[in-house]
Amino acid sequence: MSNRVHNFCAGPCTLPLPVLQEAQREFVDYHGEGMSLIEMSHRAKAYDEVHKQAMSLALEVFGVPDDFGVMFIQGGATLQFAMVPLNFLSGDQRAGYVNSGSWGKGAIADAQPHGDIYVAWDGKDSNYTRMPKSDEVKTQPGSQYLHVTSNETIGGIRMVEWPAVEIPLIADMSSDYMSRKIPWDRFDLVYGGAQKNLGPAGMAIVFVRKSALENTNRNLARYLRYDVHLEKDSLFNTPPVFTIYMVGKVLQWMKDKGGLFVIEKEAAEKAGILYDSIDNSEGYYSSPVDPACRSHMNVVFRLPSEELENKFLQQAEDENLVNLKGHRSVGGCRASIYNALPVESVQTLSAFMQEFKNANS
Ligand SMILES: *Cc1c(COP(=O)(O)O)cnc(C)c1O
């Protein structure tokens, strides 16, 4: 597979090669059915097995307790920005939000029309280069939940401490899903788009505490109701079968690798290699991020000038190190090193950074 590049894309992202190859083998004639999986009924037995397997692996590999359920919902993490307040707030009920950067802001913008939304901590003063400490987040009386973003994909910061608040947490974990343990007792719901760490685009994977759905808002279009998706086992309407199939395979791959424990450790190792390259560069590479909050998934860094950054990105691409450009809103460079990115890719990038520095400083 010599034509596979080192792909640091922020999303959609690199997927495990064995998973892609297995899907390729099965694609045209799925398990002797004489048709592909994406051509058959979503009520067919062959698909039903795929669906159930993906759901049970999601619960197993994430280490989800029995009082939670899993849902596959189209519309990505973005639709969850709206579904959370639509379901959990009625009338002008209140909820707190941590504004930790671009995605935190997105969640706030989409919640605002649906309740009394306030900012419980704002990263604005620190230019979104850090996350709050657990005691810095201030909730207001009557809040139904506190929404947090566990990892800001663009800013490259991760929430290290969960806020010490009395109300249930709800988290957007899109960009560090399945790379860290989740203290489930603190959460009523967590969600993330599949395409950052778990598969192709096409849906969000949502875990919900079942008892939290007892009093949710029913006055909604059915597709927007969590209780409907949960009760129908994510088969309320035609599900994104290909995405679910691929997520199932990626979860199996993760399980075979040793599960969450191994992946969390690997994520810290991979990130450590790149942060070491930055820290040991005598300031040639710099990170704008508070070292205590450095993301294990999205490593953002700058070079001494924009000119050098452009040269760096061009030469990296020539070496098959692709998608290292920072988000258009912040510039610079960003290496997204999600779960399926091999450690060799990170080592190759680290060596390239060293070489580039030697040749250009
Ligand atoms: C990518 C991303 C989103 C948006 O996800 P979609 O699935 O494209 O809607 C939301 N939140 C975070 C943290 C992300 O990284």
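Is S345 buried or exposed? S345 is buried, because its relative accessible area is 4%, where buried means under 20% relative accessible area, exposed over 50% and partly exposed in between, with a 1.4 Å probe and protein chains only. The views below show a predicted model, in which local features need pLDDT of at least 70, side-chain atom pairs count only at pLDDT 80 or more, and totals for chains, interfaces and linings use all residues. Residues are numbered from 1 along each chain as its sequence is written, and side-chain values use heavy atoms, with hydrogens and water left out.

**Figure 1. Overview of the protein.** The secondary structure consists of nine helices and 13 strands; helices (H or I, at least four residues) and strands (E, at least two) are DSSP runs, numbered from the N terminus. Along the principal axes, the C-alpha atoms fill a box of roughly 60 × 60 × 30 Å. The radius of gyration is 21 Å, which agrees with the value near 21 Å for a compact globule of 361 residues; this radius is taken over C-alpha atoms, and the globule rule is 2.2 Å times the number of residues to the power 0.38. Of the 361 residues, 55% are buried.

Figure 2. S345 belongs to helix α9, which covers residues 343–359. When its neighbours within four places in sequence are left aside, S345 is in contact with H6, F8 and L321, contact meaning heavy atoms within 4.5 Å.

**Figure 3. The loop between β1 and α1.** This loop, between β1 (6–7) and α1 (17–26), contains L15. L15 counts as buried because its relative accessible area is 12%. Beyond its neighbours within four places in sequence, L15 has contacts that include R4, L198, P200, M246 and A340. L15 and Q347 lie 332 residues apart along the chain, and their C-alpha atoms are separated by 18 Å. P12 is found in the loop between β1 and α1 as well, and a cis peptide bond with omega of about -10° joins G11 to P12.

**Figure 4. Strand β11 and its partner β13.** In a regular strand the side chains alternate between the two faces of the sheet. In strand β11 (residues 298–301), N298 and V300 point one way while V299 and F301 point the other way, and all are buried. Strand β13 (residues 333–336) pairs with β11 in the antiparallel sense over four bridges; two strands pair if DSSP finds at least two bridges between them. Within this pairing, F301 stands opposite C333 of β13.

**Figure 5. The buried residues of helix α4.** Helix α4 spans residues 102–111, and G104, G106, A107, I108 and A111 are buried there. These buried residues pack against α3 (76–88), β3 (94–99), β4 (116–122), β5 (143–149) and β6 (151–152).

**Figure 6. Two residues with positive phi.** H31, a residue other than glycine, has a positive phi near 45°. H31 is placed in the loop between α1 and α2 (45–61) and counts as exposed, because its relative accessibility is 53%. E282, which is not a glycine, has a positive phi of about 55°. The loop between α7 (260–279) and β11 holds E282, and E282 counts as exposed because its relative accessibility is 70%.
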